[in-house]
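The following exercises concern a protein model and are each followed by a worked solution. Please inspect the sequence and the coordinates before reading on.

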Amino acid sequence: MMHRMHIEIEELLKIAPSSSLEGVMGDTPLIQIDALELFNAIKTLKEKLEFTILLDIVGIDWLNYPLQKRERFSLIYLFRHNNFKDTIAIEVAIQEPIFGADSITSIYSGANWLEREIFDQYGIYFASHPNLKRILNHLEFEGYPLRKDYPINQRQICTKAQDMLDELSKELLKKDLDLEKDNLMPLNLGPSHPASHGTIRTIVALDGEKIVASASEIGYLHRGFEKACEYHTYNQIIPYTDRLNYCSALMNNIAFAKTVEEMLDIELPDRAIFIRVILAELSRIIDHLVCLAAALLDMGAQTNYWYLFNPRNDAYDFLSKLTGARLTNSFIRIGGMAYDLYDGWEGDLQDILYKVRKGVDETLIMVAKNRIFQDRVQDISPISPKKAMEMGFTGPNLRACGVDYDMRADKPYYYYDSFDFDVIVGSCGDTYDRLMVRFEEILQSIKIIEQAIVALPKGEINYNDRSITLPPKSEVYNTIEGTINQFKLIFEGIKVAPKIHYSAIEAANGELGFTIISNGSGTPHRVKVRAPSFLHMQAYPQMIEGYQVADAIMTLGSLNIIAGEMDR
Amino acid sequence: MDLSSDEHLLGDSIITTKVDAVIDWGRQSSLWPFVFGTACCAIEFMATAASRYDIARFGAEVLRFSPRHADLLVVAGTVSMKQAPILKQIYDQMPEPRWVISMGACASSGGFYDNYTTLQGIDEIVPVDVYVAGCPPRPEALLDAVMQIQKMLWSEPALEPRHPNFKSIYDA
Ligand code: SF4
């Protein structure tokens with residue numbers, strides 16, 4: 001892998017003379033760059049070397065880390081190349097949080113919220129950032145919660161919600177408008193309204209029915225996932241990952257477990273991989289069903305809600321039979337699965353696939369050629385491929401713009417290259433495309449599951465290493481070694497040698513990635529989620545400008561923003 | 001005029017009862033829920049409202065998204081410190097009498113989010129009538145909570161404020 005990218009690395013080292021190739025995170029080279037040279041290096045990276053997607057920015061506090069670090073804080077920037085295969089990481093040591101680093105928002109507009117988050121959580125400043133303000137925590141919050149010396153359970157009371165007029169006025173000013181003078185009406189969409197999907201708030205300035213400017217506020221469902229990870233063992237984190245995108249919990253389990261497994265450098269038995277593929281695709285189906293059902297309901301098309309929700313319920317019956325829970329399954333373990341499939345699963349699953357297909361067919365009969373539906377969603381809030389990539393779009397929302405990027409096809413993992421399925425793309429990235437891509441993806445996922453059922457090999461479901469997976473219960477109850485083994489693994493956790501790693505899968509909403517920094521113990525030093533919804537939401541205020549309030553609701557529904565994943 | 005001894009004279013056309021009883025009877029099957037859905041639990045609320053579990057069977061299907069129209073607040077999901085003032089505002093906007101169901105571990109106690117952002121139970125903000133265990137609770141459990149409220153409502157005086165002495169963290 002390294003040799004394929006050596007030209008890019010050479011180029012970067014030239015631009016930034018003080019930089020050095022520090023190491024690799026799997027197949028991703030990690031380059032150390034001086035804060036002063038960061039801006040130019042990243043500019044070159046995008047404009048000359050074609051790393052068009054900014055994946056994530058990770059803040060790190062190295063306090064108490066076993067290996068000596070130059071500075072207490074550093075940032076890791078992750079970029080993906082235009083070929084959708086290569087990833088590069090840049091690390092910048094932060095000498096003084098207050099001086100921080102240069103903002104790269106002018107290069108990648110998607111960096112805006114990512115930098116704000118780091119400011120909010122670590123107190124690291126970004127020079128010439130357009131709006132450096134807290135984003136996840138409330139404005140009355142003091143201190144920086146992700147710093148290692150901030151006590152995890154020190155809560156701070158928030159007495160009132162901010163009015164957001166400062167951000168709205170800024171947006172209006174860009175267009176030379178003023179609330180008072182131009183007689184515009186500010187209106188809050190959310191945070192507590194079903195059409196705002198729970199906890200998302202957007203304030204809009206209205207000229208009649210038309211939105212002329214808007215700003216979004218997130219963080220209402222910030223639940224401290226990343227900090228919690230630093231206090232739990234790797235397997236204890238699995239239940240927390242369930243609750244990121246709770247519409248497809250299993251996929252989060254898989255993305256996390258896969259990252260840790262890569263750090264441990266272990267290969268799963270094939271049976272576990274195939275079961276994971278089946279469950280991941282089933283989760284994708286459920287996720288898309290919920291998104292479509294809710295979006296159509298927002299539009300008043302209630303019948304479709306029943307058509308799509310009922311098969312989803314059947315899928316939940318299957319999952320609760322298999323995993324014991326309908327929604328929050330926690331079924332994956334590092335190194336394998338909690339259990340194997342139960343007797344008779346195949347018939348149950350086939351039945352669900354049949355019902356899902358029927359639900360989708362019936363819905364499409366109602367909407368595909370329906371004039372009202374078409375008029376409501378076509379040409380609403382389109383986004384160009386270039387803009388979408390700059391904002392860090394991935395998954396169905398990016399494919400809707402016509403960009404043929406699906407990690408299952410471009411960076412295949414879990415034998416996805418051996419399955420026969422199509423990558424579905426739209427044409428103009430409007431609300432219609434975003435919804436239709438999801439309909440079609442449901443059918444493709446059904447196709448993958450059917451192939452996986454046929455190809456499912458027999459054998460073990462867990463990697464056979466007692467320092468990673470639990471011994472069988474018969475051993476635990478009958479031998480002293482088994483008991484001790486179980487005890488140690490549960491209490492101390494799986495030990496992961498110190499390293500930095502990023503890995504991702506194609507989740508229902510896009511590239512769901514985890515950056516994990518291990519420190520040799522059973523608990524990670526730092527976990528950062530690359531949450532697709534976070535980046536999609538960032539584009540939302542711009543996307544709805546020029547459209548009506550009713551369109552804005554549909555756009556939000558079609559982006560499928562899941563607050564748990566966005567706010568973490 | 002006391003008619004109780006002559007009730008038989010009135011035949012089938014008139015029923016005499018207590019005011020409390022007739023009001024509670026009416027309220028019982030027409031609870032209008034406001035769903036304060038924030039997280040995963042809200043997804044299970046959606047399932048409860050959908051056709052399989054069908055909350056309409058218990059007379060509570062008229063979901064209102066204006067708190068001024070609602071008398072049953074269902075808090076479904078994690079409430080962060082940032083969200084707390086909004087929950088309080090919504091509760092304050094609901095007219096009396098009002099009931100509160102705390103759905104799930106998070107709403108009831110903060111769940112497994114014992115950290116810097118999460119409110120450790122909504123009863124620090126609003127008085128709770130029924131707590132539902134689970135993460136998330138199954139739809140059946142939520143239906144059971146609605147039935148608990150219906151039962152509870154029978155034994156309460158119809159015209160008196162509920163929880164007059166409740167203090168939230170904001171009143172301290
Ligand atoms: S109780 Fe569980 S399911 Fe409900 S909101 Fe909390 S984490 Fe989600």
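**Exercise 1: Contacts between the chains**

Arg52(B) and Asp317(A) are joined by a salt bridge whose closest N and O atoms are 3.1 Å apart. This is a predicted model, in which local features need pLDDT of at least 70 and side-chain atom pairs count only at pLDDT 80 or more, while totals for chains, interfaces and linings use all residues. Residues are numbered from 1 along each chain as its sequence is written, chains are lettered from A in the order in which they are written, and side-chain values use heavy atoms, without hydrogens and water.

Task: State how many salt bridges and polar contacts link chain B and chain A.

Solution. Step 1: apply the salt-bridge criterion, a side-chain nitrogen of Lys or Arg within 4 Å of a carboxyl oxygen of Asp or Glu. The count between chain B and chain A is five. Step 2: search for polar contacts (N or O atoms within 3.5 Å; within protein, one able to donate a hydrogen and the other to accept it, and residues adjacent in sequence counting only if both atoms are side-chain atoms). Across this interface, 21 residue pairs qualify, both residues being at pLDDT 80 or more.

**Exercise 2: Extent of the interface**

Task: Determine how many residues each chain brings to the contact and what area is buried.

Solution. Step 1: with contact taken as heavy atoms within 4.5 Å, chain B contributes 38 residues and chain A 53 residues. Step 2: compute the buried area (accessible area, 1.4 Å probe, lost on putting two parts together, summed over both). The two chains bury about 3,800 Å² between them, with 61% of it on carbon and sulfur atoms. Lys82(B), Phe112(B) and Tyr116(B) supply 23% of the area that chain B buries against chain A, more than any other three residues.

**Exercise 3: The sheet of chain B**

Task: Give the strand order of the sheet and explain why S1 and S4 of chain B each have one side without a neighbour.

Solution. Step 1: assign strands as DSSP runs (E, at least two residues), numbered from the N terminus, and pair them where DSSP finds at least two bridges. Four strands of chain B form an open, parallel sheet in the order S1-S2-S3-S4. Step 2: S1 (33–37) and S4 (130–132) stand at the edges with a single partner strand each, so one side of each lacks a neighbour in the sheet. Step 3: examine one pairing. S3 (residues 99–103) and S4 of chain B are parallel over three bridges, and Met103(B) has Val132(B) as its bridge partner in S4(B).
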